[in-house]
Amino acid sequence: MSETAKHLRKPLSFVRRSNRLKPSYQRAWDAALGQELLDVPTGERDTSVAEGFQIDWEKEYGRTAPLIVEIGSGSGEAVAHAAASNPDADFLAIEVYRPGAAQLAARVRREGLSNVRIACLDAVEVLDKLLPSGSVSELWVFFPDPWHKKKHTKRRLIQPPFVQRAARVIAPTGVWRLATDWSDYAVQMREVIGAAEEFWNPHAGQRVGEQSPLTQVRLGDLDAASLGKEARPLPLAEALDAEGGWAPRFAARVETDFERKALQAGRRIFDLTFLRRP
Ligand SMILES: C[S@@+](CC[C@H](N)C(=O)[O-])C[C@H]1O[C@@H](n2cnc3c(N)ncnc32)[C@H](O)[C@@H]1O
C-alpha cells in the first residue's frame, strides 16, 4: 500500500477497549469462524486485512444477490432484522468490536440466517481490500461513533477520504444510508457527502425550517443539554435550518439500544440518504 493510502487511514475511527469474550460468546465465535464469521488473515493490526487477501463473494454466499453492507453494526440488531425480512439480499456486517461480532454470530446461527456474513475488522480495510468496485448495492452507517469532543472529531469516520472509498464500492444508482444522534456530525455528513460529485441527496430541500431536526436541536441546544452542560438555545431566526435535506426515518432501521439511550438523553435523530450517480 502506498504511503498516501496509509496516511488516509489515520487516525482510526475506533479505540478497541475490551476485546475479551465471555465464554458463551467465545463458543459462538469458535463455532462461526470460517462460516458466518469471516476468517480473514490480518495485517499490521488485528483489525486490518493482510495484503493480497481476497474473498470471492459469490462463492462465499453461494449465489449472486444484491449486497447490503452495514459498517459498525454493534451487536447486529439492525442487520439481523433486515436479513430476516429480506432473504433475497446478502448482508455483510462490519464491526471491530469482538463481543458485538460474536453476539451477532450467535444470533445469525440461532435464527438460521444464511444471508449474513460478519467481518470483525476495520471497515476502511474491508472497503479498500475486500470489496470490489461497484459491488455494494446499499451501504449503511447507523450511529457511527460520534467523537463529539472537539479534539476528537478528526476520528470521525465520515470525512472526505472515506466518502471516496464509499463512492468506489457503491454500485451506480446504489444507496448510502446514514443516521446519527449528534447534530454537528449530521451537518458534517450532509456537507462532506453532499459535496462529493459521486452522490446526490434525494431529500435535498426537505425538512427545512421548523420541520428540521437541526432547528429543533438548536432551539433547545439539545446536544449540550444531553451532556448535562449548560444549554445555550439560539433564537428562532438563528436556529432555523434553511438547508434541510434530512431523510425520513429508514423503515428497516430498527431501534437499537444505542438509539434508545440517545432519545432518552433528549437528543434528536438525523437520517440521511445519498444515491450514487451512475
Ligand atoms: C456507536 S456504535 C453504534 C452501533 C450500532 N450501529 C447501533 O446503532 O447500535 C458504533 C460502532 O461502530 C464500530 N466502529 C467504529 N469504527 C469502526 C470501523 N472503522 N470499522 C468497523 N466498526 C467500527 C464501533 O465498534 C461501534 O460498535
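Guide: Buried means under 20% relative accessible area, exposed means over 50%, and partly exposed lies in between, for a 1.4 Å probe and protein chains only. This is a predicted model, in which local features need pLDDT of at least 70 and side-chain atom pairs count only at pLDDT 80 or more, while totals for chains, interfaces and linings use all residues. Residues are numbered from 1 along each chain as its sequence is written, and side-chain values use heavy atoms, with hydrogens and water left out.

Visitor: How many of the residues of strand 2 are buried?

Guide: Strands (E, at least two residues) and helices (H or I, at least four) are DSSP runs numbered from the N terminus, and strand 2 covers residues 90–94. The number of buried residues in strand 2 is five of five.

Visitor: Which residue of strand 3 stands opposite Leu92?

Guide: Two strands pair if DSSP finds at least two bridges between them, and strand 2 runs parallel to strand 1 (residues 67–71), to which five bridges join it. In that pairing, Leu92 is the bridge partner of Val69. Strand 2 also pairs in the parallel sense with strand 3 (residues 116–119) over four bridges, and there the residue opposite Leu92 is Arg117.

Visitor: What is the handedness of the crossover from strand 2 through helix 5 to strand 3?

Guide: A crossover is right-handed if, with the strands pointing away from the viewer, the path from the first strand over the helix to the second runs clockwise. Strand 1, helix 4 (residues 77–85) and strand 2 form a β-α-β unit of the right-handed kind. The chain then passes from strand 2 through helix 5 (residues 98–110) to strand 3, and this β-α-β crossover is right-handed.

Visitor: Which residue in strand 5 is the bridge partner of Val141?

Guide: Strand 4 (residues 136–142) is largely enclosed by the rest of the structure, because six of its seven residues are buried. Four bridges join it in parallel to strand 1, with Ile68 opposite Glu138 of strand 4. Strand 4 is also joined by six bridges to strand 5 (residues 170–180), again in parallel, and the strand 5 partner of Val141 is Leu178.

Visitor: How much of the accessible area of the ligand does the protein cover?

Guide: Around the ligand are 16 residues (each with a heavy atom within 4 Å), and the closest are Ser13, Gly72, Glu95, Ala123 and Phe142. A nitrogen atom of the ligand lies 2.7 Å from a polar backbone atom of Gly72, and a nitrogen atom of the ligand is 2.9 Å from an N or O atom in the side chain of Asp122. Of the 600 Å² of accessible area that the ligand has on its own (Shrake-Rupley method, 1.4 Å probe), the protein covers 89%.

Visitor: At what distance does the side chain of Lys129 reach the backbone oxygen of Val49?

Guide: Lys129 belongs to helix 6 (residues 123–130), and it counts as buried because its relative accessible area is 18%. Its side chain joins that of Glu51 in a polar contact of 3.4 Å. The side chain of Lys129 also reaches the backbone oxygen of Val49, at 2.7 Å.

Note on methods. A polar contact is a pair of N or O atoms within 3.5 Å; within protein, one must be able to donate a hydrogen and the other to accept it, and residues adjacent in sequence count only if both atoms are side-chain atoms.
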